[in-house]
Amino acid sequence: MNNELVIDRFGMKQEKNNDERIVLFKKIINDSFFYFAIFLGAFFLMKIIPYLYGVVANFDLGVNEVVVSFLGFANVFFMFLINKVFHNKRYDD
């Protein structure tokens, strides 16, 4: 009796195999999680839209920030490039 999974509300009959019941139950749970994830995503999207609007509306980016960010990116990029290209020394002689 303890190993039987009987859910009569979902149209399962007692003559079916336990594996079929478990598979159907897992499908129901997966569908529930899927729709809950859609609801949760929509909820957070509705909460974050006003916040993002305020961030974009008050976003003031000057030239100095752009130049400093570009120089920092170029510095890191070219240092990795120089390390890859010029530091592959082989001594086959």
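Helices here are DSSP runs of H or I with at least four residues, strands are runs of E with at least two, and both are numbered from the N terminus. By that count, the chain has two helices and zero strands.

This is a predicted model: local features need pLDDT of at least 70, side-chain atom pairs count only at pLDDT 80 or more, and totals for chains, interfaces and linings use all residues. Residues are numbered from 1 along each chain as its sequence is written, and side-chain values use heavy atoms, with hydrogens and water left out.

Start with the surface. Accessible areas come from the Shrake-Rupley method with a 1.4 Å probe, and for residues only the protein chains shown count as cover. The chain exposes about 9200 Å². Carbon and sulfur atoms supply 65% of that area. Buried means under 20% relative accessible area, exposed means over 50%, and partly exposed lies in between. Of the 93 residues, 4% count as buried.

Now look at the rings. Rings of Phe, Tyr and Trp (its six-membered ring) pair if their centres lie within 6.5 Å; planes under 30 degrees apart are stacked, over 60 edge-to-face, and the rest tilted. The rule gives six aromatic pairs. One of them joins F36 and F39, with centres 6.4 Å apart and planes at 40°, so the pair is tilted. Both residues sit in helix α1 (residues 18–57). They are three residues apart, about one turn of the helix.

How accessible are these residues? F36 is partly exposed, at 45%. F39 is exposed, at 51%.

F43 and F44 make an edge-to-face pair, 5.7 Å centre to centre with 65° between the planes. F43 is partly exposed, at 39% relative accessibility. F36, F39, F43 and F44 form one aromatic cluster.

Definitions and conventions. Buried means under 20% relative accessible area, exposed over 50%, partly exposed in between (1.4 Å probe, protein chains only).
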